Amino acid sequence: LSTVESLSKDGRKVIIVAEPPRVDYSVPSVLARMELYGREFDIRPSRSEYLTSQAFNFDLFEKAHKDYGAVIIYPHETFCGSDLCDVLHEGQSLYFDGNHLSVAGADYIAKHFESVFKPAKK
């Protein structure tokens, strides 16, 4: 929080992007193997497990928002339904591996960034 405090006191807009849900597998590899062997295996992470694993971070993010006006972007709001989080969208893997987004994954959450990076109207 000290970095957020310093930046905000310096007049800078602080934007924090939370970690996307982690997948226990290399998503493209597993999806390719499923296609190759004609098998299905659900590798989508659980929303509740993700929220539990991120509880400490989310508390810090909330404090950064409340105390210093930091803008927080939560990828799980796009990736996760009520139970599970997507790893695939329109036939494309959202992940490069198990925890890094692919270009398709970055495009998938890009809408969250539009309002944050839009220039202020004068």
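## Ground rules

Helices and strands here are DSSP runs, with at least four residues (H or I) for a helix and at least two (E) for a strand, numbered from the N terminus. This is a predicted model, in which local features need pLDDT of at least 70 and side-chain atom pairs count only at pLDDT 80 or more, while totals for chains, interfaces and linings use all residues. Residues are numbered from 1 along each chain as its sequence is written, and side-chain values use heavy atoms, with hydrogens and water left out.

L1 sits in the segment before α1 (2-9). L1 is partly exposed, at 38% relative accessibility (buried is under 20% relative accessible area, exposed is over 50%, and partly exposed lies in between, using a 1.4 Å probe and protein chains only).

L1 also teams up with F56 and L60 in a nonpolar surface patch, and together they have about 290 Å² of accessible area. Patch members need over 30% relative accessible area and no salt bridge; nonpolar side chains (Val, Leu, Ile, Met, Phe, Trp, Tyr) are joined within 5 Å, and like charges within 9 Å. The areas themselves come from the Shrake-Rupley method with a 1.4 Å probe, and for residues only the protein chains shown count as cover.

## Salt bridges

Side chains of opposite charge can pair when their charged atoms come close. Counting a side-chain nitrogen of Lys or Arg within 4 Å of a carboxyl oxygen of Asp or Glu as a salt bridge, you get five of them. One of these joins R12 to D10, at 3.3 Å from N to O, and both R12 and D10 are exposed. Another salt bridge pairs E19 with R22 at 2.4 Å; E19 is partly exposed, at 26% relative accessible area.

Then there's D67 with K63, whose closest N and O atoms are 2.5 Å apart. D67 and K63 are four residues apart in helix α4 (residues 55-68), so about one helical turn separates them. D67 is partly exposed at 39%, and K63 is partly exposed at 41%.

## The disulfide

A disulfide is a covalent bond between the sulfur atoms of two cysteines. With a cut-off of 2.5 Å between cysteine sulfur atoms, there's one disulfide here. C80 and C85 form the link, with their sulfurs 2.0 Å apart. The torsion about the S-S bond of C80 and C85 is about 90 degrees, so the disulfide is right-handed.

Are these cysteines buried or exposed? C80 is buried at 9% relative accessibility, and C85 is buried too, at 0%.

## S46

S46 lies in the loop between α2 (27-37) and α3 (47-53), and it counts as buried at 17% relative accessibility. Leaving out residues up to four places away in sequence, S46 touches D83, L84 and C85 (contact means heavy atoms within 4.5 Å).

The S46 side chain also makes a polar contact of 3.0 Å with the side chain of S48. A polar contact is a pair of N or O atoms within 3.5 Å; within protein, one must be able to donate a hydrogen and the other to accept it, and residues adjacent in sequence count only if both atoms are side-chain atoms.

## The backbone at E90

Most residues other than glycine have a negative phi. What is phi at E90? The value is near 50 degrees, which is positive in a residue that isn't glycine. E90 is in the loop between β3 (88-89) and β4 (92-93) and is exposed, at 74% relative accessibility.
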